[in-house]
Amino acid sequence: MFSLQYLLLILTIFLLISIFARKSARIMTLLSGIITIVFVMLNNPTYTSFNYGSFSILYMSFRLVFIASVIIILLGIVEIFVSVRFNARSGFYAFTQFLGIALVLLFTTNDFLLFYIAWEMVLIPTFFMIGLWGGANKDYAAMKFFIYTHVGSVFMLLAIFTMYFQEGATNFSMYYLIGNLNSIPLVYQAFVLLGFALAFLIKLPSVPLHTWLPDAYVEAPYEGTVVISSLLSKMGAFGLLFIFVNLYQASHYSGSTLVPWILVILGIISLLYSALVALYQKDMKRMMSYASIGHMSFITIATGGFLILGTGLYATLLYYGAVFQIISHGLIISLIFSTVGSVEKSTGTRNIVSMGGLARKIPFLSFILLASFLASVAIPGFSGFVGEISVLIGSYAFLKMYFVFIMIGIVLTASYHIYTLQRTIFGPYNEYLGNIKENRNEILASLILLIPIIILGIYPSLILHFFNISQIGMGVFK
Amino acid sequence: MDLGVLMTYLIFGFPLMLTPIVIGVGYIKKNYSMYLGVIAIFFSFLFTVYIFYNYTVKGIIIQNNFNWFQGSGIYVPLGVIADNLSIIMSLMVSFVGFLIILFSVGYMAEDPRRHIFFGEMVLFTASMLGLVLSSSILMLFIFWELVGLCSYLLIGFWYYKPNAAAAAKKAFIVTRVGDVFFIAGIGAAFYYSGGQLLISGLNAIPYTWERTIVSLLLFGGAIGKSAQFPLHVWIPDAMEGPTTVSALIHAATMVTAGVYLVARTYSIFTPESLSVVLFIGVFTIILSGLLGLVVNDIKRILAYSTISQIGYMVSALGLGLGSASIALSIYQLESHAFFKALLFLSAGSILHALLNVRDVNKMGGLWKKMPVTITSMFIGALALSGFPLTAGYFSKDSIVTASYNVNLWAWVFLTIGALLTSLYTFRLFFKIALGKPRSYAAEHAHESGIIMLIPIVILAFFSLIFGVFQGGFYSFLGYHPESFSVLDLAPVTLMLIGMGISYWLYGRESDIPDKIARAMGFLYKFVKNKFYLDVIYTNVIAERAVLGLSAVSDATERRVIDGFVNTWGEIVRNAGSSLRKLQTGIARQYVIMIISGLILMLLFIRILMILGVLH
């Protein structure tokens, strides 16, 4: 039995090796990714629990739910990808592994204090990834990212303490704290929900709490952008879909639809607003960071819809759609940013208007860029389609005529992607770029992401079938 | 698995799986991918013939569904159905697709990226085959999107032409507008039918306004793909792609998908939504007929003729005659597929000879130079305009006749449509075939190679004799009309008049067209500018409204939202830098501060005590 303590031990050893034997950091990241995937595969993750009793006030219990195992597999794939695709400094790989440990802890723990600690641990490697190896404006971006997301975390910490002290708990067990949420005064319940929602919506991110994201993504080095974009936003998604949903349904407000509707409206605004802003960007990397906001807005919509509908066919479809959107967004956005990185490396620019006709000189790279953009537009055959169409079909059940806003959002999303393709890889070749070349190895490495994207797009039940998902997060803590 | 089921999956699965190989083989030797592509579609045709045989002789309707989200507890079916409608469509798509791809072997023989071209063509045809064989509305949508994707890639195949890149973008975004209606339609159908995604399950939607909603949303998708008003604007621009692509888009795949969707889901269309369908169809016929009269690009004239012929199919569906409507519409669809593929392939043959000069004013006198091509094109033109005893006559005039008893206005406009059709068709044909060559290229035109002529001749043959199958075709689709003889003479008469006018205006040297254009003045300009629809879409909606909103959003993003965040940062930092000055390191100042602070604090406590807050 490959239980959690061994995984954490192995990951820590790998991390120590990569700190002390710096040359091995890259290979250690690769191994961490593999071992993480193996861990999830072996603990065929229905609802595997790992209990280690109590340690002071910490409730040392861990579990692997469906959504967590999906994200941890994504984490493994991303670790493998960054170690194969990029030749970064050893420090970067050490930070990535540190991030990986923090995320494994975050997604498996049953203890709110550990959850908070892991949530904060993530900030450290990310801060240094941006601040040490970032672009021209790195100090600003790193500081902004750190403080912005930290503000959210503080609210979450206050919410956790509110629950702890008001319920008179002896430890920070999620079971206890969520289960007894309804016993505390309404004002405190509202504050708890607000605190968690704020932390998760900042991390997701949702408009208007998103402005740390474009700066962080643009200023980070490409390998950092891949890691941050694919993994960090998943913390918010996990929080919303797993923690917030359970908190909300356990609270006094569980019957009310006001808060879910606010989530839905925020999601729709995010979709429309991010598409509109993206349409105006000339910097490809910045445009794609808004595309990331657009993708994550489907998760906000799905969470809101799930809470409005409660149970039933449509709610379940929304939940699956959101989980699928998590993994497909992680894969697709990594592919997009790494490809944009390759394009910038060969052309020396990431300004859309100064490219053009790249398909003539760098056909294979252009193909990967085309494929990643089409995946991002959610063309069938790519995994993005499965998540989006599930959320879309499910969301008609509560949106009805307001579905028209989502329709506009989809058209706008398609239009900026297609516009960018027309200006970059199609059209006449921009002779000012000179004689550019593509790197064969980078293209081969992209297949690590492209192949899962296509397989999941054609056969989505791979995830649903492999994992037993009889418990998908609802009512786990009751 | 049953052999029939396997065969049905293979009809589209075989070319789909072969697509990467077709492209991959091209890196070894480019010509192999051409042959492999032809073989792939030919096998699809053979599989379809087998299924057709199964159906007609043994009477087996193949249906097979599986759950796409297996293990989730939600039934999201994908699957195939091979009933009369899908078999007849699949036969046409694979046969015409095969002929077009065979023609491409000659047409694209010298293109350096032909392996990619053939891969995309195979994918395109396979997606269309998958679309017509789908038993579930979600699978239909999946292939619907793949068809759109392939058309995007193929229209922009010559990506280095700025026009081609722009046209591909336009096609994608305009059809995407239709697609989101389709998505909404799927969502609505899923909701109102209580979780059904099978097409046969759509009948669970209650017979009320819900049906109207769902059917209109689905029809919105059909408008986008089938290029009906107001989403027809992408088709003329799509002519920037290779001509064989246009042939495939217009005849076998893509634009017929919308008509097929309506025919497939016909049972949920209510009278209200059918009246919308009829209106859109009739309006499109007149609109595109007028547009076809003023453009000079050979392919664009054909493009507008496609829009108007599809208008006939949509109108036939809008008549609301049940299975008769479907039979009329699909028969028009298939005969149109033959003569439109023929017209596009002969146009391709002409363009191949004329080095891609597309202006009809620069052609002329080609009948003598390219006898086989132009004679075939003549047959195509006759069929398109509905000359008696050609395919178009049987298919189109039946629709006009059927409309007489349903809606007199529709009949009037459909008849006028016949006049317009023959006017623009023969304008095109006479300008190309008769008179003297009007350019250097036209003077030196020569007949195309045999591999390109074979498909043209086969298609010409079918365009001539397809009318023979009319009775059998209708009964295959479950329509048994009492008699065929009562065709009214109005469309034929008008068609012959139109042909005569065209000859009088364009078949000989004449300046009458210019005079008419000048006399019409404003009206001519209005039509020539495509009713300013493109101007509205591009300049008003896209560039003013959307781009304007986007600029506003960007400014909001930087100034307001990010400005708010940064202002907080500034406040904190400024506070820090001003308070920092207190820390001077001079002991006497600290002592002063301690004493003044103590006094202030005692004063504060004293005030509170006076106010009664503290005791």
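A crossing of two helices is left-handed if the near helix is turned anticlockwise from the far one by less than a right angle. The views below show a predicted model.

**View 1. Helix 13 of chain A passes helix 17 of chain A in a left-handed crossing.** On the side of helix 13 of chain A, the contact is formed by F298(A), I301(A), A302(A), G305(A), I308(A) and L309(A). These residues meet G387(A), E388(A), V391(A), G394(A), S395(A), A397(A) and F398(A) of helix 17 of chain A. Sorted by class, the contact between helix 13 and helix 17 of chain A holds eight nonpolar residues, four polar ones and one charged.

**View 2. K400(A) occupies the loop between helix 17 and helix 18 of chain A.** Helix 18 of chain A covers residues 403-424. The phi angle of K400(A) is near 50°, a positive value in a residue other than glycine.

**View 3. The loop between helix 9 and helix 10 of chain A contains P205(A) and P208(A).** Helix 9 of chain A runs over residues 186-203, and helix 10 of chain A over 212-219. The peptide bond that joins L204(A) and P205(A) is cis, with omega about -10°. A cis peptide bond also leads from V207(A) to P208(A), where omega is near 5°.

**View 4. Helix 10 of chain B packs against helix 12 of chain B.** The former comprises residues 255-264 of chain B and the latter residues 298-318 of chain B; the axes lie 10 Å apart, at an angle of about 0°. Helix 10 and helix 12 of chain B are therefore roughly parallel to each other. From helix 10 of chain B, V255(B), V259(B), V262(B) and A263(B) take part in the contact. Their partners in helix 12 of chain B are T306(B), I310(B), M313(B), V314(B) and L317(B). The contact of these two helices of chain B includes eight nonpolar residues and one polar residue, with no charged residue.

**View 5. Chain B and chain A meet in a contact that takes 40 residues from chain B and 40 residues from chain A.** On the side of chain B that touches chain A, the elements giving two or more residues are helix 5, helix 6 (162-192) and helix 24 (533-579) of chain B. Helix 6 of chain B supplies the largest share of that side, 16 residues. By class, the side of chain B that touches chain A has 25 nonpolar, nine polar and six charged residues. For the complex, the predictor gives an ipTM of 0.93 and a pTM of 0.92. The mean pLDDT of chain B is 86, and 99% of the residues of chain B reach 70 or more. Among the elements of chain B, helix 5 (residues 137-155) has the highest mean pLDDT, 92, whereas helix 18 (residues 440-443) has the lowest, 75.

**View 6. Chain A is built with 20 helices and two strands.** The radius of gyration of chain A is 21 Å, close to the 23 Å that the globule rule gives for 478 residues, so chain A is as compact as a globular protein of that length. Along the principal axes, the C-alpha atoms of chain A fill a box of roughly 70 × 60 × 45 Å.

Key
Residues numbered from 1 in each chain as written. Chains lettered and ligands numbered in written order. Predicted model: local features only at pLDDT ≥ 70, side-chain atom pairs only at ≥ 80, totals over all residues. pLDDT = per-residue confidence, 0-100. Helix = DSSP H or I, 4+ residues; strand = E, 2+ residues; numbered from the N terminus. Contact = placed C-beta atoms within 7 Å. Nonpolar A, V, L, I, M, F, W, Y, C, P; charged D, E, K, R; others polar. Rg over C-alpha atoms; globule rule 2.2 N^0.38 Å. Axes fitted to C-alpha atoms, helices over the stretch in contact; angles between N-to-C directions. Parallel < 35°, antiparallel > 145°, perpendicular 65-115°, else oblique.
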